[in-house]
Amino acid sequence: MENPEVAVGSCSAHDDENLCSYRRHLSISQEGLLEDQLRRKLKFFFMNPCEKFWARGRKPWKLGIQLLKIAMVTVQLVVFGLSNQMVVAFKEENTVAFKHLFLKGYMDRMDDTYAVYTQTDVYDQIFFAINQYLQLPNISIGNHAYEKKGAEETALALCQQFYKRGIISPGNDTFDIDPEIVTDCLYVEPMIPLDNTIVGKHNLNFTLDFHRLVMVQLKFNLKAINLQTVRHHELPDCYDFTLRIVFDNKAHSGRIKISLDNDIEIRECKDWHVSGSIQKNTHYMMIFDAFVILTCLASLILCTRSVVKGIQLQREFVSFFLYYYKKEVSFSDQMEFVNGWYIMIMVSDVLTIVGSTLKMEIQAKSLTSYDVCSILLGTSTMLVWLGVIRYLGFFQKYNLLILTLRAALPNVMRFCCCAAMIYLGYCFCGWIVLGPYHVKFRSLNMVSECLFSLINGDDMFATFAKMQQKSYLVWLFSRIYLYSFISLFIYMVLSLFIALITDTYETVKHYQQDGFPETELQRFISQCKDLPNSGRYRLEEESSASLFCCCNGCSEHM
């Protein structure tokens, strides 16, 4: 037989490996086969799961695993959420109980206004808290106890901070002060038995120089056990409470604000025993969590495999296009091979695996990272449900939202960058000018929240009404500031933002009726007229292997 005509090509050391593979000695007929095969391979790659099943009989494992994972992850999140709610409720209720126990005359919702104004009231509040601490076992209706270090119970620390030296004479408009802060502490041990002893100034060597006083702080530690979880077939946790009662006199304004802070740490109980079937339920939940981890691991492997295949096919197509058409593939066409949905599912799988592992450790009482676990599981569940949109996008009547978001995103990002400059300018201006006169402008974070609420039309009248009128100039400025912000953002910025989305939506609807503009990649694939059920795709792998074998043989004979 005569040798077929060949197209001679050469490869340099700098050429891509895939490009070199096309520069083998191929006949014209073999080149045509390669081009048809690549078109068919690309068309199969961009098919939906149903079309792939018709084309090669491949079962949609990824789709099945995603549906199973949605159900399992949602059930897991609900179970953990109910458990986490009990933990949060226990923390909040204990904090409220401590405020009523240790703050004299405290009533609910008094945190911003709870203060004292006389020296006698300051001493009364301090010694009231100390006596309540000493009598805690007899007065508390909760299972609170003192923290122990060895056999001894920890003491309450009573500390005062004051200026090192200070002679203040407001009547003469003179002062002499050393701003160095000095801290002086004394410790009160829990008295057992109590014998109804009342602690006061007479048995504690404690006095305050209010002219130099900056702050008084009472610090003590308590412990408790959350028993309510037993009723929900969960093992209880042990809690460490670090309480700080702060008397803040930094302003020296005649008003000393009082606050109680409660730092909570959850620990594994050292020795416990619970009768009944709680341990069995814990084991069943851990088995379920392990099954969730295995399902997510299978999903992660399948999605990683699909992403890797997409990148390999991208490199093959780029090399083919460069060799046969002498053209570079555009970046947008190259990104079509990188499936962002798969990457999002992979991220959700990793978060679910880590979160499920933490949940198992929490159930085994080896860890107590409830907040970290809730963030991981909550984020992963959100991404799993968002991943369902990918499969709805295969149907023309359901993919309008996806197409609109995808088309509008670049313009929306550029628009938001410009709007953010105006928004930040108003934030800084409102904070520095209105902050001293308006409670909603006291910090940058509060200013941003207030302005964002105004954009959405929330709480407008209250924002205007709460502005103090002590300075007429600032009050007048606040009106100009608020009216200009609301007019600019609601009537212009927000309207333009909505118009931007609406315009994109109308464009996408028009394309759905008349057809989308074709890219070079789509035009290349559209030349393949083989239907999914034609049977040509089932033979692709065999023909691919024989073709490249033939190609290698030809090159060896040359």
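In this predicted model, seven residues make a nonpolar surface patch of about 670 Å²: Met421, Ile422, Leu424, Phe428, Trp431, Ile432 and Leu444. Helix α11, residues 400–434, is the main contributor, giving six residues to the patch. Leu424 is one of the patch residues and is placed in α11. Its relative accessible area is 40%, so Leu424 counts as partly exposed.

Helix α11 is not straight. A bend of about 50° occurs at Leu409. A proline, Pro410, follows within four residues.

Leu400, Ile402, Thr404, Ala408, Val412, Ala419, Tyr423, Tyr426, Cys427, Gly430 and Leu434 are the buried residues of α11. These residues pack against four helices: α9 (340–363), α10 (370–392), α12 (444–455) and α14 (472–514). Tyr423 is thus buried, while Leu424 is partly exposed.

A further site involves Glu520, which lies in helix α15, residues 520–526. Relative accessibility is 22% at Glu520, so this residue counts as partly exposed; the buried class requires under 20%. Beyond its neighbours within four places in sequence, Glu520 is in contact with Phe321, Lys327, Glu328 and Asp333. Val329 is 191 residues from Glu520 in sequence. In space, the C-alpha atoms of Glu520 and Val329 are 8.0 Å apart.

Key: Residues are numbered from 1 along each chain as its sequence is written. This is a predicted model: local features need pLDDT of at least 70, side-chain atom pairs count only at pLDDT 80 or more; totals for chains, interfaces and linings use all residues. Side-chain values use heavy atoms; hydrogens and water are left out. Helices (H or I, at least four residues) and strands (E, at least two) are DSSP runs, numbered from the N terminus. Buried means under 20% relative accessible area, exposed over 50%, partly exposed in between (1.4 Å probe, protein chains only). Contact means heavy atoms within 4.5 Å. Patches are made of residues with over 30% relative accessible area and no salt bridge: like charges are joined within 9 Å, nonpolar side chains (Val, Leu, Ile, Met, Phe, Trp, Tyr) within 5 Å. Accessible areas come from the Shrake-Rupley method with a 1.4 Å probe; for residues, only the protein chains shown count as cover. A salt bridge is a side-chain nitrogen of Lys or Arg within 4 Å of a carboxyl oxygen of Asp or Glu. The bend at a residue is the angle between axes fitted to the seven residues ending there and the seven starting there.
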